Structures are given as structure tokens and as C-alpha cells.
Amino acid sequence: MVTDLGGFAASTFKRGVNYINIPTTLLSMVDASVGGKTGINFNGLKNEIGVFNNAASVILDTLFLRTMDRENILSGYAEMLKHGLISNERMWAELLAFDVEEPNLKELGRMVAESVAVKQRIVTDDPTEQGIRKALNLGHTIGHAFESLALQRKPVLHGYAVAWGLISELYLSAIKTGFPTDKMHQTVNFIKEHYGKMSITCDDYPTLLELMTHDKKNVAGIINFTLLGGIGDIRINQTANKQEIYEALDFYREC
Ligand SMILES: NC(=O)c1ccc[n+]([C@@H]2O[C@H](COP(=O)([O-])OP(=O)(O)OC[C@H]3O[C@@H](n4cnc5c(N)ncnc54)[C@H](O)[C@@H]3O)[C@@H](O)[C@H]2O)c1
Ligand SMILES: [Zn+2]
């Protein structure tokens, strides 16, 4: 929150002054402090006001994580899982095998460096999200809808919503782009074990669909997904119809 708000304030103060990010949460280390997206929520919508502007530098030290609570570690770890899924099987397998409940901070530090390098590479190639940067949206189309629905009930941490979004979007990947079902189940089991699930019913589907339809990343009202054909096999600009999305939500409820 601090790197988003600080980055936005710095980017608009006197039409912009340089800023440096020193993230102290895992989520900001692997995601929010890198890539130049800054913003604040407005009118009940996430990141409605903001600009793209990179920090002059980002200083990372996982020592900060010694005092982080379990939930905030898990929240950041969901983005690391995403980075593993869009990268390669070795990274993904290492993330599933790591003891995230009792993290060895030295080991985690090495994994954080690798994770942030994934994001850095992608945002350097495509700073303004015209193409490959959309890879980073994996899990986020349905994840943001979960996050917004939760705001009307009991707010959840961003990474939890992303983890639940990954469950549904890996299912969509399996039925639409051939993602292997064994790897889908392994990832889903990891998420269920550590993140639990926010309970939803069929009555929530229209609201969730409505939230996905209004995502600012859509073009011409068509819901945009980033899916996978396999680990590291990124398929941007995918879409899904109402029936497929409802099926993916059924899978989330029943898995
Ligand atoms: N700009 C981007 O690219 C981007 C990417 C992902 C997420 N985000 C945004 O980031 C926000 C979430 O940020 P966050 O997860 O860093 O949460 P946060 O900034 O809200 O911090 C979570 C909690 O941890 C505490 N905290 C911070 N460092 C600590 C430490 N070292 N030890 C103990 N407690 C500590 C904070 O006081 C706070 O209570 C969301 O609003 C999300 O939308 C932005
Ligand atoms: Zn995210």
C-alpha cells in the first residue's frame, strides 16, 4: 500500500519527483514495488487513479520479513506462485515444495530474487501492458472479482484473492488451452491447504461476472484472461463465455 501511495504521490507532486521504493512486505518485494504501476482506489474501484512511473531504484532486504505475519507472507507468496507458473517447471515445483508456513528466510530471499527478476524482465519488455505484461494478470481476472466481492463482506488480502483466482483460471486453462490437469490439481491442492477458500454460492455468480465485465483491462466489454497452455506457456488475450466462467466457479466451489 505504501509503495503504491508513495509512488503515486511522488509522481504527481510538482508534476513528478524521483522516488525510491524500500518494500517491507513480501507482496511489495516481488510485485508492487517493481514495474512502475502506482495508484489508489477510488469510488469503490481498485487502482482507479494512478500513473505508470518507475521507482528510481528498489532496495530489497528479506530481513524485514522476520516480523511479517503468516497471512501477509502467504499473500505475497501467491504472486510468487504466479511468477513460477508463468516461468518454468523447476520454479513452480520449488514453490510447491517450500515450507511457506515456517519459511527459511535465507532460502526465501533467494526465491524472492528469482521471482522479482521474472517480473522485471516482463515489465522491461512491455512497460505499458500492450502485450506480454498481461502474463502478470494470470489469476487476476477472477481474483479481482473475488477481492471486490469480499470488500462487500469481509475484506481479504490481495494475494488470497489471487490464489483463489488461480484455481478458477487454471481450470479455464485446462479446458481451453490444454493446461495439464495433474499440474492443475497439484497447484489447487497447495492453494487449498494454505489459503483455504472464501465461500461463495451460485447466487454470487452474476455479481462476480459483472465485476469481471467492468475490469478496466477489458476491451469492448469482452472479458480478458491470461491463460496457460502449460507451465511457462503463456497465452494472453484469451476470453471465456458465461458458461465457461460459471463452470470455472463451480470448480472453485467443488475442488
Ligand atoms: N503497484 C503494483 O504493481 C501492485 C502489485 C500488487 C499489489 N499491489 C497493491 O499492494 C497492496 C497490498 O500491499 P501489501 O501486501 O504490501 O500490504 P500493506 O502495505 O497493506 O501491508 C500489510 C500490513 O503489513 C504491515 N507491515 C509492512 N511491513 C511489515 C513488516 N516488515 N513486518 C510486519 N508488518 C509489516 C503493514 O503495516 C500492514 O498492516 C494492494 O493494495 C495491492 O493492490 C500493487
Ligand atoms: Zn496481484
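Ligand 1 is surrounded by 14 residues, the closest being M1, T24, T25, K46 and T67. A residue counts as near if one of its heavy atoms lies within 4 Å of the molecule. This is a predicted model, where local features need pLDDT of at least 70, side-chain atom pairs count only at pLDDT 80 or more, and totals for chains, interfaces and linings use all residues. Residues are numbered from 1 along each chain, ligands are numbered from 1 in the order written, and side-chain values use heavy atoms, without hydrogens and water.

By class, the shell around ligand 1 has 5 nonpolar, 4 polar and 5 charged residues. Here Ala, Val, Leu, Ile, Met, Phe, Trp, Tyr, Cys and Pro are nonpolar, Asp, Glu, Lys and Arg are charged, and the others, Gly among them, are polar. Helix 2 (residues 26–32) gives the most to this shell, with 3 residues. Helices are DSSP runs (H or I, at least four residues), numbered from the N terminus.

Polar contacts (pairs of N or O atoms within 3.5 Å) include these:

| Protein atom | Ligand 1 atom | Distance |
|---|---|---|
| T24, polar side-chain atom | nitrogen | 2.7 Å |
| T25, polar side-chain atom | oxygen | 2.5 Å |
| K37, polar backbone atom | nitrogen | 2.9 Å |

Taken alone, ligand 1 exposes 870 Å², and the protein buries 68% of that. Areas come from the Shrake-Rupley method with a 1.4 Å probe.

Now the helix pair. In helix 4 (residues 89–97) and helix 8 (residues 181–195), the axes lie 10 Å apart and the packing angle is about 35°. Axes are lines fitted to C-alpha atoms over the stretch in contact, with angles from 0 to 180 degrees between N-to-C directions. E89, W92, L95 and L96 of helix 4 meet K183, Q186, T187 and F190 of helix 8. Contact means heavy atoms within 4.5 Å.

Key:
Helix = DSSP H or I, 4+ residues; strand = E, 2+ residues; numbered from the N terminus. Polar contact = N/O pair within 3.5 Å; in protein donor to acceptor, adjacent residues only side chain to side chain.
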